[in-house]
Amino acid sequence: MIEGSLPRLEFWCELQCPDCRTALDDVRALRARYGDALSIELRHFPLEKHKHAYAAAEAAEEAFSQGLGWPFVEALLARVEDLEARGTEVLLEVAREVGVDVEEVDTALVDGRHMLTVDADQAEGRAIGVKGTPTYVIGGQRFDGGQSQDGLLDRIVAAVEAARAS
C-alpha cells in the first residue's frame with residue numbers, strides 16, 4: 001500500500017493522437033506502481049488537425065458517465081487510424097465493444113450534453129500552457145509529452161515522489 005498523500009495527475013489527451021496512444025504505456029505503468037493512491041484524470045484537448053477528436057472526447061465523457069471511461073479511452077486510442085478513416089462509426093463500435101450504451105453515446109453526440117466539459121477542458125488547458133498532447137500536470141508541474149516522451153515517465157515519478165515526501 002502506498003502511504004502518504006499523492007497529488008492528482010492530469011493526463012491531457014487527444015483521442016485521435018498517436019502519441020497519446022503511446023503515452024498510455026506510461027499511464028499503465030503509473031497505475032501499476034501507485035494503484036488507486038494516484039488519481040489519474042483524463043482531460044480533453046482535442047486538436048483542430050484531427051477532425052474526429054472533439055466527437056471522440058464527447059463520446060469518452062459519455063463512457064465515463066457510464067463508469068467505462070478508461071476502457072473506452074484505451075480501446076479508442078488503440079484504433080486512432082481507424083477513427084481517422086471512419087469517424088463516428090468507430091466511436092459507436094468501440095462503445096459497443098467495451099459495454100457502453102451505444103444509443104446514449106449516439107444521443108450524446110447529437111445533443112451535445114458533454115460539450116461544456118470538453119470546452120472547459122480546452123480552455124483550462126490553454127490557460128495553463130498546454131499546446132499539444134500528451135501533456136501531464138502534477139503538483140503544479142507541466143510535462144509536455146508531445147515533443148518527446150523519452151524519460152517522461154521518470155520525470156513524472158520523480159514529481160509524484162517529491163510531492164509525497166513534502
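Ile138 has Gln141 in E4 as its bridge partner. In this predicted model, local features need pLDDT of at least 70 and side-chain atom pairs pLDDT 80 or more, whereas totals for chains, interfaces and linings use all residues. Residues are numbered from 1 along each chain as its sequence is written, and side-chain values use heavy atoms, without hydrogens and water.

Strand E3 (residues 135–138) and strand E4 (residues 141–144) run antiparallel, joined by 4 bridges (strands, E, at least two residues, and helices, H or I, at least four, are DSSP runs numbered from the N terminus; pairing takes at least two DSSP bridges). The two strands form a hairpin with 2 residues between them, and Gly139 in the turn has a positive phi of about 55 degrees. E3 also pairs with strand E1 (residues 9–13), again in the antiparallel sense over 4 bridges; here Tyr136 is the bridge partner of Phe11. Thr135 and Val137 on one side of E3, and Tyr136 and Ile138 on the other, are all buried (under 20% relative accessible area; exposed is over 50%, partly exposed in between; 1.4 Å probe, protein chains only). In the loop between helix H7 (115–127) and E3 lies Pro134, joined to Thr133 by a cis peptide bond with omega of about -5 degrees.

Turning to charged side chains, the structure holds 21 salt bridges (a Lys or Arg side-chain nitrogen within 4 Å of an Asp or Glu carboxyl oxygen). In one of them, Glu10 meets Arg8 at 2.7 Å, N to O; Glu10 is buried at 6% relative accessible area, while Arg8 is partly exposed at 41%. Both belong to a salt-bridge network that also links Glu41, Arg43, Asp121 and Glu124.
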